[in-house]
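Open the model in a viewer and keep the selection tool at hand. The stops below say what to select and what is there.

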Amino acid sequence: MKVLQATEELVTNREVLDWLQDCSNNEAKHKLPNNLKQLMTPMTKYLQETPAGTQSGSSLQSLFAQLEKFPLTLGELQMIANLRPNSVLQLLCILLDCERRFTDEEMAELLQIIDTTLEPPPIKEEEMDIQSTPSSM
Amino acid sequence: MFKLTVLEDILRTSPERFSLPKFDALSYALHRKYSNRVLPGVGLCLGLWDWLKTEEDYLHPGDGGSWTKVVFRLLVFEPQVGEIIVGRVEHSFSEGLFVSVEFFNNIFIDRLALQEPCVFDQEEQVWIWKYQGHDLHIDVGEDIRFRVVKVQYESSSSVSSAAMTVYGSIAGDGLGLVSWWPN
């Protein structure tokens with residue numbers, strides 16, 4: 001075994017979900033080994049609860065096309081797709097040195113594009129009762 | 001989170017799978033060897049993304065299997081330093097927190113990488129962030145947003161028993177329990 005290239009390209013959560021779907025579609029044909037099957041169930045469960053659970057490939061493509069004008073790294077684009085930030089605070093978390101690189105208007109535009117292009121994330125039942133939070137105090 | 005890695009390997013197809021189409025048999029051999037295993041310096045291997053190259057099959061004297069040299073792209077889970085990930089608090093003890101993402105649970109957040117000031121409640125076995133006079137508990141089972149600070153491999157002599165540990169931090173605005181920071 002030889003590693004020819006450690007990081008070829010980054011893959012979004014949505015693409016991994018599609019890959020898992022392909023795997024289980026092929027299951028009957030291929031007979032998958034157990035070590036792969038053990039991985040598929042928890043991975044599908046985790047990814048379906050992330051924003052990728054409701055995303056479609058075409059909305060991601062449209063998102064990346066619209067974000068081309070911003071100087072974002074591939075890792076940052078991957079995180080935007082995976083985490084679907086919907087507040088300035090989350091954007092500050094994801095983008096290194098965000099306040100120096102982008103003006104307030106640019107950040108607002110970025111969030112606007114994300115919100116209008118990507119589907120709303122899956123809703124979790126427990127999130128209904130939001131406990132006391134720093135920002136509401 | 002996820003990335004592709006290009007690998008070259010020589011795979012063995014065992015005789016009981018000679019009846020399958022060649023690439024189905026190769027794909028089985030590949031997944032059996034790599035899926036759910038950690039490769040040091042690469043990450044947790046998931047499975048085949050696509051084939052890039054295969055050479056002719058050959059035999060070894062005294063071995064019933066067929067050997068094929070292949071180049072392929074492997075789907076791998078390896079958090080990148082600086083990346084933000086949402087996981088779930090799995091276990092909490094005086095040294096810090098363990099967090100899981102369902103299919104991988106070796107994510108550790110050191111007590112020094114929590115929000116400041118944080119205290120550990122021995123009785124309840126829970127970390128509490130003292131935020132402006134309020135007690136914010138980091139309960140087991142809650143969703144937690146963390147930043148990756150280090151990925152470490154412990155490789156012993158045999159490849160199959162290598163382990164990957166992801167070190168995270170929740171010190172910073174927007175990090176910590178997802179419920180702390182509503183939109």
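Where in chain A is confidence lowest, and where is it highest? The lowest mean is 84, in β1(A), and the highest is 92, in helix α4 (residues 74–83) of chain A. Chain A has a mean pLDDT of 85, and 90% of its residues reach 70 or more.

This is a predicted model, in which local features need pLDDT of at least 70 and side-chain atom pairs count only at pLDDT 80 or more, while totals for chains, interfaces and linings use all residues. Residues are numbered from 1 along each chain as its sequence is written, and chains are lettered from A and ligands numbered from 1 in the order in which they are written. Helices (H or I, at least four residues) and strands (E, at least two) are DSSP runs, numbered from the N terminus.

**Stop 1: where the chains meet**

Select the contact between the chains: 48 residues of chain A and 42 residues of chain B take part. Two residues are in contact if their C-beta atoms, placed from the backbone, lie within 7 Å. On the side of chain B that touches chain A, the elements giving two or more residues are β1 (2–13), α1 (22–34), β3 (43–59), β4 (66–77) and β5 (84–93) of chain B. With eight residues, β1(B) gives the most to that side. By class, the side of chain B that touches chain A has 19 nonpolar, 14 polar and nine charged residues. Here Ala, Val, Leu, Ile, Met, Phe, Trp, Tyr, Cys and Pro count as nonpolar, Asp, Glu, Lys and Arg as charged, and the others, Gly among them, as polar.

**Stop 2: a sheet across both chains**

Select β1 (residues 2–11) of chain A together with β1(B): six bridges pair these strands in the antiparallel sense. Two strands pair if DSSP finds at least two bridges between them.

Now extend the selection to the open sheet of five strands, whose order is β1(A)-β1(B)-β4(B)-β3(B)-β2(B), with antiparallel pairing. At its edges are β1 of chain A and β2 of chain B, each pairing on one side only. On average, neighbouring strands of this sheet are turned by 40° against each other, direction ignored. For such angles, axes are lines fitted to C-alpha atoms, for helices over the stretch in contact, and angles run from 0 to 180 degrees between N-to-C directions.

Within the sheet, β1(B) and β4(B) are antiparallel and share 12 bridges. Select D9(B) and its bridge partner in β4(B), V70(B).

**Stop 3: the domains of chain B**

Colour chain B as domain 1 (2–77) and domain 2 (84–180); domain bounds come from an automatic or database domain assignment. The centres of these two domains, taken over C-alpha atoms, are 35 Å apart. Contact between them involves eight residues of domain 1 of chain B and seven residues of domain 2 of chain B. On the domain 1 side, β2 (37–39) and β3 of chain B are the elements that give two or more residues. There β2(B) gives the most, with three residues.

**Stop 4: strands around β11(B)**

Select β11 (residues 143–154) of chain B, which pairs with β5(B) in the antiparallel sense over five bridges. One pair to click is G87(B) and I144(B). I144(B) also stands opposite L177(B) in β13(B), and two bridges join β11(B) to that antiparallel strand, residues 176–177. With β12 (residues 163–169) of chain B, β11(B) pairs antiparallel over seven bridges; V151(B) stands opposite V166(B) there.

**Stop 5: two backbone details**

Which bond joins E116(B) and P117(B)? The bond is a cis peptide bond, with omega about -15°. P117(B) is in the loop between β7 (107–110) and β8 (118–121) of chain B. Next, go to N36(B), in the loop between α1 and β2 of chain B. Its phi is near 65°, a positive value in a residue other than glycine.

**Stop 6: the domains of chain A**

Return to chain A, where the assignment gives domain 1 (13–53) and domain 2 (57–117). Their C-alpha centres lie 27 Å apart. Five residues of domain 1 of chain A are in contact with six residues of domain 2 of chain A.

How values were computed. pLDDT is the predictor's confidence in each residue, from 0 to 100.
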